Amino acid sequence: MKCPRCDSETIRKMVDAPVDNAWEVYVCDTCFYSWRSTEDPHVHAKFKLKPEDIPNLQVIPPVPPLEK
Amino acid sequence: MAKVYKDLREFLETLEAEGQLVRIKDEVLPEPDIASAGRAASNLKNGPAVLFEKVKGYKYSVVTNVHGSWPNHALMMGMPKDTPVKEQFMELNRRWDKYPVPPKVLSREEAPCKENVVDKDINLFEILPLYRINDQDGGFFISKASVVTADPDDPGNFDKMNVGTYRIQVKDKDRIGIQALAMHDIAVQLEKAERKNEKVPIAICIGNNPLVTFMASTPIGYSQNEYEFVGALQDGVPCEIVKADLCDHIYVPAGSEVVLEGYIEPRVREVEGPFGEFPGSYSGARNQCVVRITHITHRTNPIYESLYLGIPWTEIDYLMALNTSVPLYKQIKEGFPELVALNAMYMHGHVAIISTKCRYGGYGKGIAFRLLSTPHGMPYTKIVIVVDEFVDPFNLEQVMWALASRVKPDKDVAIIPNCPGMPLDPSSYPAGMHTKMIIDATTPVPPEPNPRAVELLEPPAKTAEYEEIIRNLLKQMQ
């Protein structure tokens, strides 16, 4: 299984439904996109991510310098 | 004395009794039903709260659109549901002056939020019926929590304890992402802790007394405590709180449905978003903070309270409307008593309308500059319209009349480039920078010349009397 957003294969099942095994939720350990098995995830081209671009995303809030 | 609600449940009872809550009894899928109902309820005039009793795969119920109409907003304040917006604004102003009302601290045994404890094998999905709010969101978001943190350099200072609303993305059964923008109080606290590489203890409270949620989304001073304002807005009745389980200097609403406790991991950022945000568009993926949940307390059969946010107006707009207008009004009124009312209801104050009497020439522009220098107005407000004291800023037809009849654009419109902006506003570029615009639609007063001064039309003498007569005749026809 591939991540619908970043195409990584680092997918794992996050959780089963608490009742009746009605669904599962999956998450990508690279970009943290998650979806339920009852959904049909389709990520718009604008929101696709390349794993190599993740470190360059804006950091909010900026990490301050460590006090010595 | 206004009606006061101890918790969400009491408020839902009132909403139902007043015809402002509907129940969906059939089982639904989490997506797209819950978010669709939130959008639909806010599309309707005087839309109700919507309670889903059964959500497929989950144990508990979900309620949405609790704050999502002016009748619900009035009922939140214990006022009749048909109270006009300007009257609600004036009543909020009156109660605001009762601040501070110290909260009542309950013992752990007295607090309903402590009825059940989960401190191992944390699984948010066991407690909360989480769901996707907008189609392109990066995951399931918790959109309506009141998040409590303390000042790491002054942890025992109750005034500096912060209760705020921040967007939260569920990343695992016990791990969430949180957005702490630099302009928000939580970011001030986070920076102090991160400089020392310390964890930030946090309590995320879901399903609250409606005025707690209201104050958590109100921009007040860093050293002003939200719970003391809740007591003020409850017309002097103290807000009931209880100490968090894991942290001695964090207090949570005693009646919360669910309290998630844990800590912000210092100096860690991970991909968060996109998320459909209050400007009516998505904000993209960014590297943001991460919280580990290690302890949950909850009421028996907890109700998950969540909101839909979309192109305005949706429920979130009612939580950024009068509670944005009132603090700005108070801050300006302190120095400029001529101020009559202030409407900053549009996208959390991006557009604001000020009604004021003008003491001397140029006064309207001066008042606008004052708004633009308040802590909230500086980044958020970009368009300020100033109208005369006899124009109701909550009556947009009147405001348009003021623009139509008072504004001479070459002298009354001012553009100020390169000012602070709100990064989530898609017209802010670079994100966080913006241009300000002031439109002075007040009547010129000396020394500003007014070469074509006019006499305003007055309502005929018996207008008010006839309003009453016509209203009664209409009632008889129903």
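Domain bounds come from an automatic or database domain assignment. For chain B, that assignment gives domain 1 (87-308) and domain 2 (321-441). Keep in mind that you're looking at a predicted model.

**The two domains of chain B**

How far apart are the centres of domain 1 and domain 2 of chain B? Taken over C-alpha atoms, the separation is 30 Å. The two domains do touch: 17 residues of domain 1 of chain B are in contact with 19 residues of domain 2 of chain B. On the domain 1 side, helix 4 (residues 85-96) of chain B supplies the largest share, 5 residues. That side divides into 10 nonpolar, 6 polar and 1 charged.

**The cores**

Now for the inside. The largest nonpolar core has 135 residues, and B:Val252 and B:Ile354 are the ones that touch the most other members. Strand 11 (residues 200-206) of chain B gives the most to this core, with 6 residues. Domain 1 (87-308) and domain 2 (321-441) of chain B both give residues to the core, so it lies between them.

Have a look around B:Val252. Leaving out residues up to four places away in sequence, B:Val252 touches B:Cys113, B:Val148, B:Ala203, B:Cys205, B:Ile241, B:Val242, B:Ala244 and B:Val259.

**Where the chains meet**

Chain B puts 38 residues into the contact between the chains, and chain A puts in 29 residues. On chain B, several elements each supply at least two residues, among them helix 2 (30-43), strand 9 (168-172) and strand 18 (286-298). Which helix of chain B gives the most to this side? That's helix 6 of chain B, with 5 residues. By type, the chain B side divides into 13 nonpolar, 10 polar and 15 charged.

**Strands in chain A**

| Strands of chain A | Sense | Bridges |
|---|---|---|
| Strand 1 (residues 11-16) and strand 2 (residues 24-28) | antiparallel | 5 bridges |
| Strand 2 and strand 3 (residues 34-36) | antiparallel | 3 bridges |

A:Arg12 has A:Val27 in strand 2 of chain A as its bridge partner, while A:Tyr26 is bridged to A:Trp35 in strand 3 of chain A. Strand 2 and strand 3 of chain A form a hairpin with 5 residues between them. In the turn, A:Phe32 has a positive phi of about 65°.

Conventions. Residues numbered from 1 in each chain as written. Chains lettered and ligands numbered in written order. Predicted model: local features only at pLDDT ≥ 70, side-chain atom pairs only at ≥ 80, totals over all residues. Contact = placed C-beta atoms within 7 Å. Helix = DSSP H or I, 4+ residues; strand = E, 2+ residues; numbered from the N terminus. Nonpolar A, V, L, I, M, F, W, Y, C, P; charged D, E, K, R; others polar. Core = buried A, V, L, I, M, F, W, Y, C linked by C-beta atoms within 7 Å. Buried ≥ 20, exposed ≤ 12 C-beta atoms within 10 Å, placed from the backbone. Pairing = 2+ DSSP bridges.
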